[in-house]
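User: I have a structure open here and would like to talk through a few of its features with you.

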Amino acid sequence: GDHRDLHSFPTRRSSIYDIVCSAVSAISQTTLIGITDVIKVNAEYELKDGFLNLSVENENSDDIEKCQNLLETMLLGLKSTEIVYGDYIKTEIEEV
């Protein structure tokens with residue numbers, strides 16, 4: 001279906017853990033800013049305890065497609081981080 005959950009999380013604690021957390025946070029928050037401030041989509045979201053929960057299901061199809069492009073870009077950024085720091089981050093996509 002069109003619904004997927006993206007999970008990206010550090011896998012162990014070290015000084016690199018802080019670098020990876022910062023990278024994941026920057027990528028996620030930049031994507032959120034792109035959706036809410038650049039595309040101007042009134043997305044429902046929650047930032048809590050290091051997790052970002054985002055819903056654009058109530059938007060029109062054009063806006064959802066624009067959001068999907070940003071989310072795919074976010075995924076590429078997370079996967080790129082995983083390539084460099086594979087021992088410290090795992091990115092998974094889960095169909096929901």
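User: Which residue forms a salt bridge with K79?
Analyst: Bearing in mind that this is a predicted model, the partner of K79 is E82, and the closest N and O atoms of the pair are 3.9 Å apart. The structure holds one salt bridge.

User: How far apart are E82 and K79 along helix α2?
Analyst: They are three residues apart in helix α2, which means that about one helical turn separates E82 from K79.

User: And is E82 buried or exposed?
Analyst: E82 counts as buried because its relative accessibility is 16%, under the 20% that marks the limit for a buried residue. K79, with a relative accessible area of 35%, is partly exposed.

User: Stepping back, what pattern does the protein follow along the sequence?
Analyst: Read along the sequence, the pattern is β-α-β-β-α-β, and the protein has two helices and four strands.

User: How do the axes of α1 and α2 cross?
Analyst: Helix α1, residues 15–38, and helix α2, residues 61–84, have axes that come within 10 Å and cross at roughly 170°. That angle makes α1 roughly antiparallel to α2, because angles over 145 degrees count as roughly antiparallel.

User: Which residues of α1 and α2 meet?
Analyst: From α1 the residues are A23, V24, I27, S28, T31, G34 and I35, and from α2 they are C67, L70, L71, M74, G77, L78 and T81.

User: What about N69, where does that sit?
Analyst: N69 is in helix α2 and counts as partly exposed, with 49% relative accessibility. The C-alpha atoms of N69 and T31 are separated by 10.0 Å, while the two residues are 38 residues apart along the chain.

User: Changing topic, where is Y88 found?
Analyst: Y88 lies in the loop between α2 and β4, the latter covering 89–95. Y88 is buried, with a relative accessible area of 16%.

User: What is the phi of K40?
Analyst: K40 has a positive phi of about 70°, although K40 is not a glycine. The residue is found in the loop between α1 and β2, where β2 covers 44–48, and K40 is exposed, with a relative accessible area of 63%.

User: Which residues form the nonpolar patch on the surface?
Analyst: The patch is formed by Y45, L47 and L52, which together have about 280 Å² of accessible area. Of these, L52 is placed in strand β3, residues 51–55, and L52 is partly exposed, with a relative accessible area of 30%.

User: Last topic, the overall numbers: how much of the protein do buried residues make up?
Analyst: Buried residues make up 23% of the 96 residues in the protein. The accessible surface comes to about 6600 Å², and carbon and sulfur atoms account for 49% of that surface.

User: And what share of the contacts join residues at least 24 apart?
Analyst: Among contacts between residues at least 6 apart in sequence, 62% join residues at least 24 apart.

Key: Residues numbered from 1 in each chain as written. Predicted model: local features only at pLDDT ≥ 70, side-chain atom pairs only at ≥ 80, totals over all residues. Heavy atoms only, no water. Patch = residues over 30% accessible without salt bridge, like charges linked within 9 Å, V, L, I, M, F, W, Y side chains within 5 Å. Areas by Shrake-Rupley, 256 points an atom, 1.4 Å probe, with all protein chains shown as cover. Salt bridge = Lys/Arg side-chain N within 4 Å of Asp/Glu carboxyl O. Buried < 20%, exposed > 50% of the residue type's maximum accessible area, 1.4 Å probe, protein only. Axes fitted to C-alpha atoms, helices over the stretch in contact; angles between N-to-C directions. Parallel < 35°, antiparallel > 145°, perpendicular 65-115°, else oblique. Contact = heavy atoms within 4.5 Å.
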